[in-house]
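Me: I would like to learn how to read a few local features from a model. Can we go through them one at a time?

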Amino acid sequence: MTKYIGKSVKRLEDKRFITGQGKYTDDIKLNNMAYAYILRSPYANAKVNSIDTDAAKAMDGVAAVFTGADVPESIAGVPCGWQVNFKNGDTMKEPPHPLMVRTKVRHVGDAIAIVIADSKAIAKDASELINVDYDILDAVTDPKAAAQPGAPLVHEDVPNNICFDWEIGNPKDEVEAALASAAHVTELEFVNQRVVPNAIEPRSAIGEYDTAYDRYTLHTSTQNPHLTRLLLCAFVLGLPEHKVRVVGPDVGGGFGSKIFHYTEEALVVYFSKIVGRPIKWTAERSESFLTDAHGRDHVSHAKMGFDADGKMVALQAYTYANMGAYLSTFAPAVPTYLHGTLFQGLYTTPKINVDVTATFTHTNAVDAYRGAGRPEATYLIERLIDLAALEMNMDPAELRMKNFIPAFDGVEKEGYVTQVALQYDSGNYEPVLNRALEMIGYEDFRAKQAAQNNGKLLGIGFSTYIEACGIAPSAVVGALGARAGLFESAQVTVQPTGKVSVYTGSHSHGQGHETTFAQVVADKLGIDIGDIEIIHGDSDRVAFGMGTYGSRSLAVGGSAIVKSIDKVLEKGAKIAAHLLEASPDDLNYEDGKWTVKGTDKSVGFGDVSLTSYVPHNYPEGLEPGLDFSSFYDPTNFTYPFGAHVAIVEIDKETGKVELKRFIAVDDVGNVINPMIVDGQIHGGLAQGIGQALHEGTVYDETGQLINGTYMDYCMPRADDLPSFEIDRTVTPCPHNPLGVKGAGEAGCIGSTPAVVNAVIDALWKAGHKVKDIQMPMTSERVWNAMNAG
């Protein structure tokens, strides 16, 4: 019997958040703490001739001013955690990412100097006294333009700004031949625009050096404390790991942007020893726009071929992916392993080839942002199939159904092997689309669309997606370029009184881990959820962990917890059997007690836990205590999927798009807490819809981000969104003990193409044969598309 799993238990951690008692990095105040402000380059590409800091150093309240010249040359900078090779086998170009520049800046926001003072205000004022002499150079911001001959170079030793080129799938000549013989080919060139993560909490870091213990502590707003410690120690500062503690306290959102190790973390740690004071740096919102790793930014050209019956025969995609000026921690993985390997989609396409060229530009780094590569792949596939349906005068839902992979459970029917290196775990794709059509009232909608006559255009857009989650297993990702394992760890400590402490490497930044993990533990052990504490985010308390990203917390972190619980129950059964004078094989465990089968003789979990710590009447040869750790490294990824449908209305006079309805039917495997999953879907939908209609960076020709404030960068608001209509099917994952697949990114993956497809559908039904409108689809862009002739 499950008391908690599958129930919408209210989030246990929310009491401290809604009462203002959450503790974020910027809330931490240490004795004699100093404050840092970083002077950043106002230019995207420039030589630095000189930096004069004398006036800043002389200002009252300033403790120190440092530049790149004060960072030892032995500190090469922040490393990249993923390697991708060129098609010819050569290693990707990996120029150093310095903590602060010495002689050249490569994007607006590059760090020039760090001012450390008694207050942030003093540090900022002092930074204005620093005089930097620049020679301004030409810049390039577009990933495709960057690869063209004669483009300004970001790094002098990287020809044509190409970081790597990469290919996956069937041989290109086979795909081209299939396209050449296809009855119909849909072709599209488009931009998946760059977006800014905009977590509600700006990044913050505090470095502290303890002279008594010769030890450093870094408090930082991170999704990944242990990885940050590993990179900081082994690759940046060269410190022993046992001499560094990394604490990620409460974290106010991340969406991928707080996975990575940033230069500011290393700076405050390194200079805290030199200054002799703890140093806090917190980003201003304008800094976040300039320096938090951005997402997306692909320029793609793709073709999808069909036979005369509408069956897909081939897919070819060429993509230029923007890396920015430097490689962020996982940047090379996004357009390759997280993007190129998802081009099978939900379809039986027999020939697929994906060709990616990654380029450096004079812009901020681009890395994983909610969905990370999978939204880009889904966008390309789903835009093509909807457009193909319009061109072939076929129903877009029917065209999808015709091409879906048949159902498989991964047990009786083996997982589906794709053309792009993956094997799906389990899938049943028709029910999600059928349910979405039922929720819409599809036939009634089409009749209403045909009869619409109110000065508005009505459109419907579909997106049926799949994603790879539970990012792992280590051996596979290692072969694909990962420079780290992607397992997870968990320690379950049963106290003498039967209360349980769980130490997990999956660090929460808003997902509700303290609730969901506790639900799993409570049901597995048959105890009250109030008897469980979940501990995360501190490298001194949690032995190791690989953090939270890629919708992996339950599938990987939760599975590690279950492994440790199984060990607890196995040992507990031996103790219980001794107390009951029975064999462990003769016991059942249910509702928090071991019972001898066929009798009413039982002993409770609390009695067994106490006995393990007071082992007077105890099995011979068995160690005292009830405390186990486990590492879980999955055998495969998990593959959530779903169907998203958008209905839009467009004002013919203004081009304004109004999202009238949004339907999302997702399959994330088994669900532990439906309310939390609903919240994750809602948040992802808002971000995906935001990219379609509102969000997108704008760089000018000099490399300036000209919409780097909330006055200029349009975020989706509550009144931009309808009440979401959501539902689920359940296809359990066959290879993890919880049968879960992951829900954190699903909303962001399927929603964007659904909205764009709806706008294009509305225009086609009104006689405007528009193939694409650049996102975000502003009123101006839509109006221009309608009136282009």
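Me: Where is the place of Pro 776?

Reply: This is a predicted model. In it, Pro 776 is in the loop between helix H18 (746-765) and helix H19 (779-786). The peptide bond that joins Met 775 to Pro 776 is cis, with omega about -10 degrees.

Me: How is a pair of packed helices described?

Reply: Two numbers are used for packed helices: the angle between their axes and the distance between the axes. Here, helix H15 (residues 553-580) packs with helix H16 (residues 605-613) at about 90 degrees, and their axes are 10 Å apart. H15 is therefore roughly perpendicular to H16.

Me: Which residues make the contact?

Reply: H15 contributes Val 568, Gly 572, Ile 575, Ala 576 and Leu 579, while H16 contributes Phe 605, Val 608, Thr 611 and Ser 612. Sorted by class, the contact of H15 with H16 has six nonpolar residues, three polar ones and no charged ones.

Me: What is the phi of Asn 160, and where is this residue?

Reply: Asn 160 is not a glycine, yet its phi is positive, about 55 degrees. Asn 160 is in the loop between helix H4 (143-146) and strand S7 (162-169). Its relative accessibility is 36%, so Asn 160 counts as partly exposed.

Me: Is Ala 372 buried or exposed?

Reply: Ala 372 is buried, because its relative accessible area is 4% and buried means under 20%. Ala 372 also has a positive phi, about 50 degrees, although it is not a glycine. Ala 372 is found in the loop between strand S15 (352-360) and helix H9 (374-391).

Conventions. Residues are numbered from 1 along each chain as its sequence is written. This is a predicted model: local features need pLDDT of at least 70, side-chain atom pairs count only at pLDDT 80 or more; totals for chains, interfaces and linings use all residues. Side-chain values use heavy atoms; hydrogens and water are left out. Axes are lines fitted to C-alpha atoms, for helices over the stretch in contact, and angles run from 0 to 180 degrees between N-to-C directions. Helices (H or I, at least four residues) and strands (E, at least two) are DSSP runs, numbered from the N terminus. Angles under 35 degrees count as roughly parallel, over 145 as roughly antiparallel, 65 to 115 as roughly perpendicular and the rest as oblique. Contact means heavy atoms within 4.5 Å. Ala, Val, Leu, Ile, Met, Phe, Trp, Tyr, Cys and Pro count as nonpolar, Asp, Glu, Lys and Arg as charged, and the others, Gly among them, as polar. Buried means under 20% relative accessible area, exposed over 50%, partly exposed in between (1.4 Å probe, protein chains only).
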